[in-house]
Amino acid sequence: MNYNLDEILDGYDNESDVSEEEKRYQSEENEKEQNQNGNNIKKDTGKDNLWKEVFSWVRIIVGAFIVAFILSNFVIVNARVPSGSMISTINENDKLIGFRLAYLFSDPKRGDIVMFDSPVEDKIYIKRVIGLPGETVEIRDNTVYINGERLEEDYVKNEWTNSPGTKTYDVPEGCYFMMGDNRNASADSRVWGVIKEDAIIAKAIFRYYPSIDMLD
């Protein structure tokens with residue numbers, strides 16, 4: 001069989017042209033597919049970032065709530081004083097912070113200002129520790145005596161006039177005798193008796209409203 005050389009060469013050229021077209025087409029298709037995949041990855045990444053941001057904020061809010069709960073229930077007492085029984089050390093509507101852990105390793109001391117569960121109503125009272133366990137508190141003509149010795153009370157600024165005569169109070173072990181600094185306007189251990197140690201909630205540390213002051 002005889003072949004024309006030109007025809008053979010023309011055949012090879014056509015096959016080469018088709019091959020090049022197929023390659024370009026395939027390359028374009030691959031590029032489109034890659035672009036599409038890239039767009040999907042970007043969309044997925046955007047959604048992932050959004051959920052990470054939401055989760056981060058939820059974690060912060062929950063964490064803050066847990067910290068606030070622990071602080072308010074186990075570490076501090078945030079209180080507003082509604083009465084004037086502690087004037088002029090603490091005035092009406094003052095806002096205070098008490099420390100719940102103050103007596104974890106030590107006992108209340110005379111002169112401490114403490115917050116405790118009221119023995120007569122479902123409220124928290126704030127008074128000053130006057131008599132300690134085992135002591136005898138005597139109030140003689142508006143003056144306090146502890147075991148027969150006069151107690152110096154620089155924190156009593158208002159004139160005390162409503163306790164004439166003599167009254168004696170024995171403080172049992174595990175109990176404390178409490179009084180307000182504003183003696184003429186304070187219902188305290190003179191009225192409802194001593195307070196058990198386990199009723200003491202916190203030691204008042206400082207006032208933060210209307211001014212910032214340490215309490216003593």
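**View 1. Strand 9 meets strand 10 in an antiparallel pairing.** In this predicted model, two bridges link strand 9 to strand 10, the latter spanning residues 195-196. Look for Cys175 here: Lys196 in strand 10 is the residue it stands opposite.

**View 2. Strand 9 also pairs with strand 4.** Strand 4 covers residues 124-131 and is joined to strand 9 by three bridges, again in an antiparallel arrangement. A handy landmark is Arg128, which stands opposite Met179 in strand 9.

**View 3. Strand 9 is covered on both faces.** In a regular strand, side chains alternate between the two faces of the sheet. Which residues of strand 9 lie on each side? Cys175, Phe177 and Met179 sit on one side, with Tyr176 and Met178 on the other, and all of them are buried. Buried here means under 20% relative accessible area. Because five of the five residues in strand 9 (residues 175-179) are buried, the strand is largely enclosed by the rest of the structure.

**View 4. Stepping back, here is the whole protein with its two helices and twelve strands.** Starting at the N terminus, the elements follow the order α-β-β-β-β-β-β-β-β-β-α-β-β-β. Of the 216 residues, 31% are buried. For contacts between residues at least 6 apart in sequence, 58% join residues at least 24 apart. The protein exposes about 14,700 Å², and carbon and sulfur atoms supply 53% of that area.

Terms used
Residues are numbered from 1 along each chain as its sequence is written. This is a predicted model: local features need pLDDT of at least 70, side-chain atom pairs count only at pLDDT 80 or more; totals for chains, interfaces and linings use all residues. Side-chain values use heavy atoms; hydrogens and water are left out. Helices (H or I, at least four residues) and strands (E, at least two) are DSSP runs, numbered from the N terminus. Buried means under 20% relative accessible area, exposed over 50%, partly exposed in between (1.4 Å probe, protein chains only). Contact means heavy atoms within 4.5 Å. Accessible areas come from the Shrake-Rupley method with a 1.4 Å probe; for residues, only the protein chains shown count as cover. Two strands pair if DSSP finds at least two bridges between them.
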